[in-house]
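I opened my notebook beside the viewer and jotted down what I looked up, one entry at a time.

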Amino acid sequence: MRREGDAGIGDLMALEEWLHWAAEHRVGFLQLLPVNAVGDDDAPSPYSAISSVALEPLYLSLERVPGIELPLPPYADDLPPRQLPGGPNYVDYARVRMYKRYHLKRAFARFEDEESLAPLRQEFEAWVLQQGSWLQDFADFRVLSIAYGTNAWWQWPVQDTDIARRIVEGSPASRRQKRYQQWLQWLCAREWAQVRAVADSLGVYLMGDVPIGISVASADVFFERYLFDMNWSGGAPAEGNFAEDPFTAKWGQNWGIPLYRWDVMEHDGFSWWTRRVRKLAEIFKMYRIDHVLGFYRIYAFPWMPDRNSEFLHLSPEEAAARCEGRKPGFRPRPDWTPEDRRANLMQGDHLLSQLLKAAPEQLVIGEDLGCVPDYVRPDLSRLRIAGFKIPHWEIDEHSRICSGQSYNPCSFATYATHDFPPICNDWNDWYANVRAGEQALVDATLSSTELMETRRVARDCERVLGWLGDFAGLTLQQSLVPWGQEIKTALFRALLQSRSAYAALMWTELFDVPVRLNTPGTQGGANWRPRMPFTAAQAASMPQSSWLAELSRSASR
């Protein structure tokens, strides 16, 4: 998000501005990517957090920090970028961290010393005592990761957690650093509480996100290793021709997350998950369970992502020979037999039931995309977890697209997620392939093989455009055109008129910004870095905002 004076990255004051925009334009909820602390990577994935509870301080609004000196000097966004691609429409994490940390550390020094801030110091210290072990562990982890120059704790000279805690307490400098890290989390809690109050007052829900995993380089895994199985790295199976990079096409997505030891977690009533969900519920009214399929069974690799290139060109047998006979596959079991499917169903149902008990008042969405076993969606519906509906993926037994009126109301309808291009990009790509197929018929330079492949792709793309046109009430002829306002209105009207309880547009789709937020299987570059090229106030005067309000009104949503 963007606001005037936001120091190069979306912050919580910007979020408040967008909450007001939402209330004014018939938007019932704003969905965010995960907001947990992400460490110091150049293009950090929000799905690889260094804590299941701690929040990312970069989203703090500096103007609201006790002890900050106002006015703040302007953020120098006109300097050469430290990260590429650069420019005003990308977050430059390296530069933002430098700017914000400089001012936060100066504010902390004043917070500690100024008499006028004594009541707030008492409030902060009381809050620290209320938080319990997670805050102590996270602050210790940050002190050590800064001291040793990495979050990869297995590279630290100390592996014993008790010794690690004593090291942090062993010097005034590290104790002060620990207090600073706790102070940052207190600031996050205060500012997020204010945002939640604004959202509630406006009647707009904030929707959070619970990643299926936690980074192996996290405070949780370092201090609570007994909860995690680090012999396996969670991910997703191969996507074939849909993948953007060769490893994902052949092997799948290797996310580098350790698996959970569910049997160990059950011994204390899943307290780790309870803590995670209840802290999330302090901010959000709704949340999305990332890769909910992983609660039933999860695809796993017997190697971490930093070894992917080593296995790229190996056969499964050759890969197994390097991994003590282990091959990538579903854990704890595949879905090959009725007995396996029944066991996986029972596991997922039990685990999700425990998760729901942690915050029963929350509205819950389950991201059930990918290789979906037939038992998952009925179980999610029974649990009142709304599964996803991607219209052009909802095909019936007659190879026809399903009408939005046939959708289970316990569902979440959208054309794309952050892992996919906006629908406008896909539409134009599909249309270009249809046109290429037509041109191929008169292109004498193509070989018969090239002609057949071009025509095959064209037929596939024409079928998808026809499906979407049918979903939107358009004829095939009306659908075989480039993306434009008429196509956009027809598609999103149909989405909002579906029976799904929730319908969502990505901001890139709403405001016609053809930018992709993330490309699975790739790291760095533009991933996770695009910024809105306008503020909420500017967006309010843009035709797309009034268009959405009218579309919502006409759809009675």
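I count a contact when heavy atoms lie within 4.5 Å of each other. One reminder before I start: this is a predicted model.

**Entry 1: Trp 21.** I asked which residues Trp 21 touches, leaving out those up to four places away in sequence. I found Val 27, Leu 510, Phe 511, Ala 536, Ala 539, Ala 540, Ser 545 and Leu 548.

**Entry 2: the cores.** I then looked up the largest nonpolar core, and it has 144 residues. Trp 21 and Phe 511 are among those with the most contacts inside this core, as are Trp 183, Trp 192, Trp 273 and Phe 295. Helix α6 (residues 172-202) gives the core its largest share, 10 residues. Apart from this core I noted another, of 12 residues, including Phe 29, Met 207, Met 286 and Leu 369.

**Entry 3: strand β3.** Is strand β3 (residues 228-236) largely enclosed or open? Seven of its nine residues are buried, so the rest of the structure largely encloses β3. Next I checked its partners. Strand β4 (residues 253-260) runs antiparallel to β3, and six bridges join the two; here Gly 235 stands opposite Asn 254. Strand β6 (residues 298-301) is also antiparallel to β3, with three bridges between them; Gly 234 has Ala 300 as its bridge partner there.

**Entry 4: helix α15.** I took the span of α15 (residues 423-440) from its first C-alpha to its last: its 18 residues reach 25 Å, close to the 26 Å expected at 1.5 Å a residue. Buried residues in α15 include Ile 423, Trp 427, Trp 430, Tyr 431 and Val 434. What covers them? The cover of the buried residues of α15 includes α16 (448-471), α17 (476-479), α18 (485-497) and α19 (507-510).

**Entry 5: the whole chain.** Stepping back, I read off 21 helices and 11 strands. The C-alpha trace spans about 80 × 60 × 50 Å along its principal axes. Of the contacts with a separation of 6 or more, 74% are between residues 24 or more positions apart. Last, the accessible surface comes to about 24,900 Å², and 53% of it belongs to carbon and sulfur atoms.

Methods. Residues are numbered from 1 along each chain as its sequence is written. This is a predicted model: local features need pLDDT of at least 70, side-chain atom pairs count only at pLDDT 80 or more; totals for chains, interfaces and linings use all residues. Side-chain values use heavy atoms; hydrogens and water are left out. Buried means under 20% relative accessible area, exposed over 50%, partly exposed in between (1.4 Å probe, protein chains only). Helices (H or I, at least four residues) and strands (E, at least two) are DSSP runs, numbered from the N terminus. Two strands pair if DSSP finds at least two bridges between them. The expected span of a helix is 1.5 Å times one less than its number of residues. Accessible areas come from the Shrake-Rupley method with a 1.4 Å probe; for residues, only the protein chains shown count as cover. A nonpolar core is a set of buried Ala, Val, Leu, Ile, Met, Phe, Trp, Tyr and Cys residues joined through side-chain atoms within 4.5 Å.
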